[in-house]
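Me: I have a structure open and would like to talk it through with you. Could we begin with strand pairing and then move on to other topics?

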Amino acid sequence: MPLSVTPTDLQKRCLRLAHLIADQLATQQCDNGDFPQHSFYAKAFALALWQNLDPSRYVSNNIAAITALKTDPHDARYHREFIDYALDHAPDISRQTRAEILRNAPYQSPNVANWRILGLQTRQNGSIWHKWRAKLDWLYIRARFWRAPAFMDRPGCFSAQYHAFCAALLCDNPNPAQRKISAQASNLITQLCTPNGMPNLLGRGAGQSFGTVTALYALLSHGHLRQAETILFYLEQTFLMHGALPLNLLAPGPLADDPGPANPATPGWYSYNRHYDYLAFAGFWLMRSAMAKPAADAKHQKPAKLPKSLFIKDTTAYNARMCLSGKTGFDITPAPVLVTNGHILLPPTGGEEDFASLYGPKSQPLPAFPDRNTYARFIAGTKTANTVQITFSLAGQTGQRDITFNRDEIIIRDRFNVSDATGLQLFRLLVPNNIMYVHNNPTQVEFPGINARFIANYPIKITEKTRFAVTGPVRTFFVTGHATALLRIVWGPK
């Protein structure tokens with residue numbers, strides 16, 4: 001029997017989860033008001049969460065958080081826009097206390113959409129000068145980051161996570177034009193979301209709770225109740241299974257004491273991200289989701305016309321998501337992110353722009369000469385209704401990958417113009433280590449638990465040496481010693 005998807009029932013479930021997170025934050029807050037491990041904005045969002053839920057229950061936590069916020073150094077890592085936004089939604093913060101916390105801290109204003117919209121939101125509530133500046137901000141955001149129906153994370157780079165955050169930020173904006181754009185962006189989220197409730201499988205931040213909770217809020221605010229319920233159920237099940245809401249829902253293991261690229265036990269690691277920042281952020285947006293009501297001008301639109309860079313294919317056997325443009329490895333999906341039978345068979349790869357990462361060229365599912373430490377580089381991607389074509393370069397030569405999506409089958413063809421294919425690995429598909437396989441036939445690999453199998457026209461090799469995707473450690477499946485090869489991913493009986 002399906003769970004109810006009336007707005008009232010969804011709001012009650014959001015509120016229940018928000019209370020659980022608020023209590024966790026309260027018990028895990030340090031004596032100095034901060035949280036374990038350095039955090040950027042956990043205190044501010046925890047404060048807003050506690051004050052909105054039950055300020056009398058969290059009096060000592062609120063006092064400690066405010067004290068800690070007042071002593072935060074305003075260095076290059078200070079997240080002014082995020083803290084400002086959280087304080088805007090903390091009802092018991094006085095103007096004087098707010099001034100003492102911010103102390104004229106500068107805006108960071110990095111050239112990414114979500115930071116720009118955060119700055120826009122806080123300025124719209126400020127002085128006449130700030131409101132005028134907000135109008136200029138909006139013109140800049142429209143010109144640089146909005147490519148209907150998608151928000152670009154950075155110019156030319158899409159991230160489903162930060163698209164969702166931008167949509168959520170504009171949901172209840174007093175500006176009708178901004179709410180209209182939020183509605184278009186939210187309509188795209190419904191197409192990006194899988195039936196399992198995963199809305200952010202593409203681009204920077206894939207799988208993180210950050211994009212999942214903001215997608216939930218955007219969908220609730222624009223009346224997409226069925227898709228919102230799948231996300232909420234996904235969050236509830238994750239919390240129930242792990243007793244917490246992990247930073248990355250695709251890699252829900254506990255955060256290591258020494259997280260970072262040198263520690264393979266770091267799950268779904270994205271350089272500077274912090275567990276308590278994301279936990280407080282998630283609790284805050286769940287609290288807001290519990291208060292969300294579909295806007296009076298919310299309208300259900302026809303499915304959005306996908307941007308040229310995005311490819312989505314949904315069948316009864318699988319859900320495939322691809323992004324065919326970007327500037328870094330985590331922007332692009334040269335092999336589809338593939339969800340089947342509730343499992344991620346082919347996961348996203350990831351990383352960050354300015355920091356060392358677990359996710360390097362070795363964890364990109366493109367051809368390579370691993371013995372030479374030479375890996376392919378994505379050049380371009382195009383799409384038709386059921387086919388994606390990818391061009392890549394490797395060792396100074398150009399190669400081609402064609403991916404055809406049928407109802408119960410995906411066909412991948414790799415071609416590389418090389419006279420000597422010794423050591424060349426084609427496909428290099430990444431499969432999470434926790435998905436069991438059977439390899440009795442040299443050209444076939446079966447995945448019994450998800451009723452799927454790989455079938456190639458040459459023997460399939462499997463590298464057990466650990467590579468990393470967003471889900472954590474993965475195995476690499478490839479064909480070697482050939483310049484051209486074909487691999488089918490098939491569902492159903494043999």
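Me: Which residue stands opposite A150 in β2?
Reply: R147 does. Please note that this is a predicted model.

Me: How do β1 and β2 run, and how many bridges join them?
Reply: β1 and β2 run antiparallel, and two bridges join them.

Me: What is the order of strands in that open sheet?
Reply: The order is β1-β2-β3, three strands with antiparallel pairing. β1 and β3 (157-158) are the edge strands, each of which pairs on one side only.

Me: What holds strands together in general?
Reply: Strands of a sheet pair through backbone hydrogen bonds, and the pairing is either parallel or antiparallel.

Me: Which residues does the cis peptide bond join?
Reply: The cis bond joins A148 and P149, with omega at about 5°. P149 lies in the loop between β1 (146-147) and β2 (150-154).

Me: Let us turn to backbone angles. What is phi of S109, and where is S109 found?
Reply: Phi of S109 is near 50°, which is a positive value in a residue other than glycine. S109 is found in the loop that links α5 (95-102) and α6 (113-124).

Me: Why does S109 count as partly exposed?
Reply: Its relative accessibility is 26%, so S109 falls into the partly exposed class, which covers values between the 20% limit for buried and the 50% limit for exposed.

Me: And what about N341: what is its phi?
Reply: N341 also has a positive phi, near 50°, and is a residue other than glycine. N341 sits in the loop between β6 (337-340) and β7 (343-346).

Me: Now a helix. Where is L232 found, and is L232 buried or exposed?
Reply: L232 is part of helix α11, residues 225-242. L232 counts as buried because its relative accessibility is 1%.

Me: What does L232 touch?
Reply: Leaving aside residues up to four places away in sequence, L232 touches L10, R13, C14, L17, L216 and L286.

Me: How far is L232 from G197?
Reply: The C-alpha atoms of L232 and G197 are 7.4 Å apart in space, while the two residues are 35 residues apart in sequence.

Me: Is S186 buried or exposed?
Reply: S186 counts as buried, because its relative accessibility is 0%. S186 belongs to helix α9, residues 176-192.

Me: Which residues does S186 touch?
Reply: Not counting residues up to four places away in sequence, S186 touches A167, A218, L219, H222 and H224.

Me: Let us move to the whole protein. How many helices and strands are there?
Reply: There are twelve helices and 19 strands.

Me: What is the radius of gyration, and how does the value fit a compact globule?
Reply: The protein has a radius of gyration of 23 Å. This agrees with a compact globule, because one of 494 residues would have a value near 23 Å. The C-alpha trace spans about 70 × 50 × 45 Å along its principal axes.

Me: How many of the residues count as buried?
Reply: Of the 494 residues, 58% count as buried. The accessible surface comes to about 20000 Å², and carbon and sulfur atoms make up 53% of that surface.

Me: What share of contacts comes from residues 24 or more positions apart?
Reply: Such pairs account for 66% of the contacts with a separation of 6 or more.

Me: Lastly, how many positive and negative side chains are there?
Reply: The protein has 50 positive and 34 negative side chains, and the centres of the two sets lie 8 Å apart.

Technical notes. Residues numbered from 1 in each chain as written. Predicted model: local features only at pLDDT ≥ 70, side-chain atom pairs only at ≥ 80, totals over all residues. Heavy atoms only, no water. Helix = DSSP H or I, 4+ residues; strand = E, 2+ residues; numbered from the N terminus. Rg over C-alpha atoms; globule rule 2.2 N^0.38 Å. Buried < 20%, exposed > 50% of the residue type's maximum accessible area, 1.4 Å probe, protein only. Contact = heavy atoms within 4.5 Å. Areas by Shrake-Rupley, 256 points an atom, 1.4 Å probe, with all protein chains shown as cover. Lys, Arg positive; Asp, Glu negative; His and termini not counted. Charge placed at Lys NZ, Arg CZ, Asp CG, Glu CD. Pairing = 2+ DSSP bridges.
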